[in-house]
Amino acid sequence: MEFREQDFKYIIQSFSDVFIGARFTYEEAAEHVDMPGKLKSAIYRMIYSDDVKREETIGAHLLRLQEKDMGYLFYSQLKIKIKVLFPKTVVNKKGVQKETATEKIYTVKEFVSDEKLKGKQEEFIVQEISFSKLHLGALSV
């Protein structure tokens, strides 16, 4: 399965949820027209507090996240769900190879504590984060 850089760069808002592609850099996400204003403010605070770099992608930041980080607290308050894609090649009975993928949805705590995700970054793709607008409204910025 081949993925282009733009495949996971999106912001979609439904009536009650927000979905953000994990290939966005924090700077691109903060400048995007569909990004909720409260989230923009929180991102700018993280960028200017030197917790994350402007050119770092959301997915890369999540991979290096630890429980003591300010980003962990931020994402925990939002109660985000992280969608991870595990691509794999399957051979059917006739010997034909087919690329498939399975996805798993993690909470921040599960994602940070999952040992399967440590060190094997080429075996999976952090696809998106999602959270409720209700949790965004409760976020203190």
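Analyst: Leu78 is buried, with a relative accessible area of 1%, where buried means under 20% relative accessible area, exposed means over 50%, and partly exposed covers what lies in between, computed with a 1.4 Å probe and with protein chains only. Please keep in mind that this is a predicted model, in which local features need pLDDT of at least 70 and side-chain atom pairs count only at pLDDT 80 or more, while totals for chains, interfaces and linings use all residues. Residues are numbered from 1 along each chain as its sequence is written, and side-chain values use heavy atoms, with hydrogens and water left out.

Leu78 belongs to helix α4; helices (H or I, at least four residues) and strands (E, at least two) are DSSP runs, numbered from the N terminus. Once neighbours within four places in sequence are set aside, the residues in contact with Leu78 are Leu39, Phe131, His135, Leu136 and Leu139, contact meaning heavy atoms within 4.5 Å. Another residue to look at here is Leu134, which is 56 residues away from Leu78 along the chain, although the two C-alpha atoms are separated by 8.9 Å. The phi angle of Lys79 is near 55°, which is a positive value in a residue other than glycine.

Side chains of opposite charge can pair when their charged atoms come close. A salt bridge is a side-chain nitrogen of Lys or Arg within 4 Å of a carboxyl oxygen of Asp or Glu, and a search of the whole structure finds 5 of them. In one, Lys83 pairs with Glu103, their closest N and O atoms being 3.8 Å apart. This pair links distant parts of the chain, since Lys83 is in strand β3 (residues 81-91) and Glu103 is in strand β4 (residues 97-107), 20 residues apart. Lys83 counts as buried at 18% relative accessibility, whereas Glu103 is partly exposed at 48%. Together with Glu128, these residues are linked in a network of salt bridges.

In one of them, the side chain of Glu28 meets that of Lys9 at 3.2 Å, N to O. Lys9 lies in the segment before β1 (11-13) and Glu28 in helix α1 (residues 26-31), so the pair ties together parts that are 19 residues apart in sequence. Lys9 is buried at 19% relative accessibility, while Glu28, at 31%, is partly exposed. In the other, Glu27 is joined to Arg54, with 3.6 Å between the closest N and O atoms. Here too distant parts of the chain are linked, with Glu27 in helix α1 and Arg54 in the loop between α2 (37-48) and α3 (58-63), 27 residues apart. Both partners are partly exposed, Glu27 with a relative accessible area of 37% and Arg54 with 29%.

The loop between α2 and α3 also holds Glu56, which counts as buried at 14% relative accessibility. Beyond its neighbours within four places in sequence, Glu56 is in contact with Phe24, Thr25, Tyr26, His61 and Arg64. In helix α2 itself we find Ser41, which is partly exposed at 34% relative accessibility. Ser41 and Ala30 are 11 residues apart in sequence, and their C-alpha atoms are 8.2 Å apart in space.

Of its 141 residues, 40% count as buried. Among contacts between residues at least 6 apart in sequence, 60% join residues at least 24 apart. The C-alpha atoms fill a box of roughly 55 × 30 × 25 Å, taken along the principal axes. With 141 residues, a compact globule would have a radius of gyration near 14 Å, and the 16 Å of this chain agrees with that; the radius is taken over C-alpha atoms, and the globule rule is 2.2 Å times the number of residues to the power 0.38.
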